[in-house]
Amino acid sequence: MTDYCIRYIELPYASKGVTVQDAAGFYNIYINSLLSYDEQKKAVAHELAHVFREDFDPAKSLELVERYRPALS
């Protein structure tokens, strides 16, 4: 089972969302509260895709991980 929490906070507008994995393996997903509801839904889907595809493997580069994620339009 994958444990995560989604939080809505103000981020710079260019940042739609970010996910941070803590030392215990728990995922903290931060979504920009300044986005529209539809954009927030897209950002949540994008961040959850990272979690469930195990993109937090240190052997994977950020550039490679983001290349294979759906665009957030």
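Modeller: Let me begin with a term: a residue is called buried when its relative accessible area is under 20%, exposed when it is over 50%, and partly exposed in between, using a 1.4 Å probe and protein chains only. This is a predicted model, in which local features need pLDDT of at least 70 and side-chain atom pairs count only at pLDDT 80 or more, while totals for chains, interfaces and linings use all residues. Residues are numbered from 1 along each chain as its sequence is written, and side-chain values use heavy atoms, with hydrogens and water left out.

Colleague: Okay, so which pattern does the protein follow along the sequence?

Modeller: Read along the sequence, the pattern is β-β-β-α-α, which gives two helices and three strands. Helices (H or I, at least four residues) and strands (E, at least two) are DSSP runs, numbered from the N terminus.

Colleague: And how much of the protein counts as buried?

Modeller: Of the 73 residues, 30% count as buried. The protein exposes about 5000 Å², of which carbon and sulfur atoms supply 56%; such areas come from the Shrake-Rupley method with a 1.4 Å probe, and for residues only the protein chains shown count as cover.

Colleague: Let's look at α1, then. What span should helix α1 have, and what is the distance between its ends?

Modeller: Helix α1 covers residues 37-52, and at 1.5 Å a residue its 16 residues should span 22 Å, which agrees with its end C-alpha atoms being 22 Å apart. The expected span here is 1.5 Å times one less than the number of residues.

Colleague: Which residues of α1 are buried?

Modeller: In α1 the buried residues are E39, Q40, A43, V44, H46, E47, L48, H50 and V51.

Colleague: Which residues make up the largest nonpolar core?

Modeller: The largest nonpolar core has seven residues, namely Y27, I29, I31, A43, V44, L48 and V51. The elements giving two or more residues to this core are β3 (27-32) and α1, and the largest share, four residues, comes from α1. By nonpolar core I mean a set of buried Ala, Val, Leu, Ile, Met, Phe, Trp, Tyr and Cys residues joined through side-chain atoms within 4.5 Å.

Colleague: What is V51 in contact with, apart from its sequence neighbours?

Modeller: Leaving aside neighbours within four places in sequence, V51 is in contact with T2, T19, Y27, I29 and F56, where contact means heavy atoms within 4.5 Å.

Colleague: Changing topic: how many salt bridges does the count come to?

Modeller: The count comes to two salt bridges, a salt bridge being a side-chain nitrogen of Lys or Arg within 4 Å of a carboxyl oxygen of Asp or Glu. In one of them, the side chains of K16 and E39 meet at 3.2 Å, N to O. K16 lies in the loop between β1 (4-9) and β2 whereas E39 is in helix α1, so the pair ties together parts that are 23 residues apart in sequence.

Colleague: Are K16 and E39 buried or exposed?

Modeller: Both K16 and E39 are buried, E39 having a relative accessibility of 18%. E39 also meets K42 in a salt bridge of 3.4 Å, N to O; being three residues apart in helix α1, E39 and K42 are separated by about one helical turn. K42, at 36% relative accessibility, counts as partly exposed.

Colleague: What about H50, which side chains does it make polar contacts with?

Modeller: The side chain of H50 makes a polar contact of 3.1 Å with the side chain of H46, and another polar contact, of 2.9 Å, joins the side chains of H50 and D55. A polar contact is a pair of N or O atoms within 3.5 Å; within protein, one must be able to donate a hydrogen and the other to accept it, and residues adjacent in sequence count only if both atoms are side-chain atoms. H50 is found in helix α1 and is buried, with a relative accessible area of 4%.

Colleague: Last one: what is the phi of E54?

Modeller: Phi of E54 is near 55°, a positive value in a residue other than glycine. Most residues other than glycine have a negative phi. E54 sits in the loop between α1 and α2 (62-67), and at 58% relative accessibility it counts as exposed.
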